[in-house]
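Trainee: Could we go through this model together, one step at a time?
Mentor: Gladly, let's have a look.

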Amino acid sequence: MNLILVTFIILLAFTSYYFGRKKALVIQSSQRLTALPKFYGYYLAAWCAAPALIIFALWSVFEPSIVKTFILQDYTDQNLTKNELQLIYTKVKALAAGTYTGNITNFLDESANKYIQLKGIANSAKVAIILAILIFSLSFAYRSVQKNDRMREPVEIFLKWVLFVASLGAVLVTIGIVFSLLFEAIRFFQAVKIFDFIFGTHWYPAKTFVRDGQPDPELMKDAFGAVPLFAGTFFIAFIAMCVAIPIGLLSGIYLSEYAGRGVRKYAKPIIEILAGIPTVVYGFFAALTVGPFVKEIGNAMGLEVSAESALAAGAVMGVMIIPFISSLSDDVITAVPQNLRDGSYAMGATKSETVKKVIFPAALPGIVGSILLAVSRAVGETMIVVMASGLAANLTMNPLESTSTITAQIVVILIGDQQFGDPKTQSAFALGISLFIVTLFLNVIALSVVKKYREKYE
Amino acid sequence: MNSFKKNLLKKRYNAERRFQWYGKIAIGLALSFLAVFMFQIFSKGYSAFQKTWIATEVHYDKELLLIDAESPSKDDLENADYYDVAYKAMTSLDPGLPEEEDRQLIQMVSYKYETEVKDLLLKNPDFLGKIVPIKLTASDDVDQVHKGNYPRDIPEKNRRVNDYQLQIYDMLNERGDILSEFNISFFTSPDSREAELAGIASSFMGTVFSILVCLAFSFPVAVLAAIYLEEFAPKNKFTDFIEVNINNLAAVPSIVFGLLGLGVLLAVFNLPRSTPLVGGITLSLMTLPTIIIAARASLKAVPPSIREAALAMGASNMQTTMHHTVPLSMPGTLSGTIIGLAQALGETAPLILIGMVAFVNTIPGTPVDPAASLPVQIYIWSESAERGFVEKVSACIMVLLAFLILMNLAAQIVRHKFEKKWS
């Protein structure tokens with residue numbers, strides 16, 4: 001039904017384009033045109049499609065909730081909770097669609113009939129209103145075509161609006177992220193105190209079984225302490241940085257200061273391949289090769305090593321991050337003005353002394369910025385940890401044990417079927433919002449540091 | 001020059017040389033990680049492109065098939081009972097085996113061997129009543145033994161292939177009845193719980209659909225947004241806000257987009273779970289900032305003289321942009337888009353959250369059928385304990401990497417072939 005309506009509107013828009021252009025050619029025979037004939041077509045087509053489609057979209061957004069309020073009006077006197085009302089509404093909808101299998105009460109049957117009736121009214125009203133709008137806007141547009149008004153400006157203003165709305169897309173996505181996370185997280189914090197979440201030291205959401213439709217508050221208190229996850233996240237990121245910073249920084253310096261053109265031309269893109277490999281592939285590599293390898297070495301040295309150690313996950317993550325640091329620090333070092341180098345050489349310093357004592361301090365803010373970006377990348381990394389570092393949230397600082405991270409726990413909680421309204425599912429959104437805040441914070445600092453650095457030298 | 005100064009100079013030159021070596025070692029390490037990594041994947045995965053068959057003979061006995069008709073129709077063949085015929089084909093490999101032990105022989109072929117026996121007769125109806133050679137898919141354990149991935153010298157109770165089966169395998173191998181052929185079914189069959197039958201067709205189609213949906217949603221919006229920001233946006237607070245927003249969005253961890261997909265697309269808009277449609281939309285939100293940034297950079301690279309020339313000829317701002325600036329910027333935009341899509345192609349976590357990890361043993365035909373995607377398939381298989389899946393994962397990784405390399409090459413070609421150099 002909706003599809004037919006939209007197709008009809010679009011087809012009508014195309015027809016009106018050709019109609020408008022033809023009309024322009026007719027006008028041309030008696031008076032001077034104000035724009036190219038195709039603008040007459042665009043003008044009609046835009047007036048045809050835009051109002052109708054906007055009304056259609058608004059209608060589709062608001063119709064379901066309006067129908068819902070009408071249906072649930074009959075139930076207001078029964079003193080039901082929000083969840084129960086939602087359940088009834090789902091039942092009514094299923095019954096109307098003929099997919100309901102439970103037992104049917106008279107009341108429910110009545111509601112279902114009412115639902116079908118309302119839907120029918122809504123549908124015919126929608127078609128009628130949209131047809132009316134089409135006729136109205138087309139006749140309005142046609143009158144100004146007949147009068148041979150200016151045609152190009154309105155079309156261009158319209159196009160500009162389309163461009164503007166598209167640029168709002170990115171803002172909409174951000175709003176979507178914040179609201180979808182906040183909405184569920186707030187409900188989570190109604191059940192679990194925010195203090196228990198941020199400072200609790202036990203993360204064990206599987207413990208919160210549901211009794212009589214209500215989760216046991218005693219157990220809830222001790223199950224959602226996110227400290228082990230925060231600690232694990234930063235611990236694994238720290239291990240990754242221990243691998244990535246020395247290798248990335250040194251190769252960045254070598255590439256920008258020492259390497260000949262040939263080496264630079266080939267080595268840089270090859271190192272950047274490391275950043276293009278999907279993370280799930282790294283995860284497989286960490287779980288199958290690096291994990292057992294670390295375990296073997298550890299056992300040979302007489303240490304007790306878990307097969308899924310934080311060290312294996314962190315080290316592989318570090319390899320993944322090398323190109324971020326090497327490329328960014330290469331760019332930053334190349335941006336240091338040549339006269340600083342020349343001054344240092346003129347004083348008799350060797351190349352490495354110049355790098356260590358002049359270029360590195362000068363490039364430091366940029367390098368710090370690139371490291372912060374890399375940390376934010378490591379904090380948000382998911383698949384390597386899920387596959388290589390175990391899923392139990394241990395509060396440990398031993399790199400040979402398994403730990404879990406925020407991202408890995410989100411996956412563990414949400415894999416498979418989820419039930420909305422369950423504190424366990426909601427806790428994933430609470431974790432998501434803390435992850436979002438942490439990475440946003442790191443990025444804002446990093447970007448502003450890098451920006452200041454650029455302004456200094458450019 | 002006194003000796004003290006000489007020593008100092010020597011020390012400084014040594015330090016210089018050492019520092020250079022650190023750099024070389026760092027680059028060497030980074031490159032060797034890549035080499036080790038590629039070697040591991042290839043050495044583990046190449047065998048998955050070979051499939052092992054067991055050759056034997058099957059007697060299409062009319063009585064055992066329970067076919068009464070003199071000249072049976074297609075339907076008769078379709079509905080015949082192949083259990084005994086298939087069973088006999090396997091047990092004939094070792095006629096001396098007592099009946100209660102013959103499960104050991106049956107376990108050497110894939111559990112779908114009955115279907116294979118049936119398919120051969122349906123393809124060649126004149127085989128009815130004859131004894132013909134047939135090849136049956138070997139079970140993944142026999143397959144792994146044949147490829148040498150399976151240690152034979154550990155105690156029998158720790159092995160999935162027992163001594164008797166090994167003996168039969170050796171006998172067949174000596175007779176040349178174990179065949180190795182290119183594994184077409186890896187590319188044409190959907191996922192399966194059995195390693196020997198599992199293929200990537202379902203996840204491959206899932207990936208293709210997700211990428212197409214992602215392209216359809218992200219490309220138009222991103223290009224229009226880039227045009228607005230670069231060519232029309234007034235310099236004010238709101239424009240700055242949009243810009244900051246885009247930069248931050250590009251750095252949001254991918255899993256957060258998965259939460260968005262779950263919380264908005266599935267819970268609010270009630271789109272179908274586990275489908276490439278939802279996966280593609282989720283990925284498109286992620287690629288949106290990447291494409292906007294690439295498109296803006298390539299619009300910025302179009303020299304102002306082009307715009308000035310068009311404006312001087314009396315074109316409006318919109319005409320200048322749409323007829324001149326945007327077409328000239330397209331090569332850069334397109335190559336940025338392909339790179340953005342390649343990133344989206346490798347994403348796993350957001351797709352897991354919107355349910356694309358469900359076991360799917362059909363090949364999806366539309367974007368609203370449940371499907372997995374290649375990276376998710378890698379995750380699913382790597383969680384399986386069976387040994388046969390290890391090489392499948394590596395092979396799947398090889399396919400995924402090949403796909404990524406192709407896309408990056410395409411991006412390079414688009415950029416170098418069509419981009420105009422302004423100088």
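**Helix packing and chain contacts**

Mentor: In this predicted model, α10(B) contributes B:Thr207, B:Ile211, B:Cys214, B:Leu215, B:Phe219, B:Val223, B:Ile227 and B:Glu231 to a contact with α15(B), where they meet B:Thr321, B:Thr325, B:Val326, B:Thr333, B:Thr337, B:Leu341, B:Ala344 and B:Leu345.

Trainee: Into how many nonpolar, polar and charged residues does the contact of α10(B) with α15(B) divide?
Mentor: Both helices supply side chains to this contact, B:Phe219 and B:Leu341 among them. By class, the residues come to 10 nonpolar, 5 polar and 1 charged.

Trainee: Which element gives the largest share of the side of chain B that touches chain A?
Mentor: In that contact, 61 residues of chain B meet 65 residues of chain A. The chain B side divides into 47 nonpolar, 11 polar and 3 charged residues. Elements giving two or more residues include α10, α13 (276-300) and α18 (388-418) of chain B. The largest share, 17 residues, comes from α1(B).

Trainee: How far apart do the C-alpha centres of domain 1 and domain 2 of chain B lie?
Mentor: Domain 1 of chain B covers 50-182 and domain 2 covers 201-418. Their contact takes 5 residues from domain 1 of chain B and 4 residues from domain 2 of chain B. The distance between the C-alpha centres of these two domains is 47 Å.

Technical notes. Residues numbered from 1 in each chain as written. Chains lettered and ligands numbered in written order. Predicted model: local features only at pLDDT ≥ 70, side-chain atom pairs only at ≥ 80, totals over all residues. Domains from an automatic or database assignment. Contact = placed C-beta atoms within 7 Å. Helix = DSSP H or I, 4+ residues; strand = E, 2+ residues; numbered from the N terminus. Nonpolar A, V, L, I, M, F, W, Y, C, P; charged D, E, K, R; others polar.
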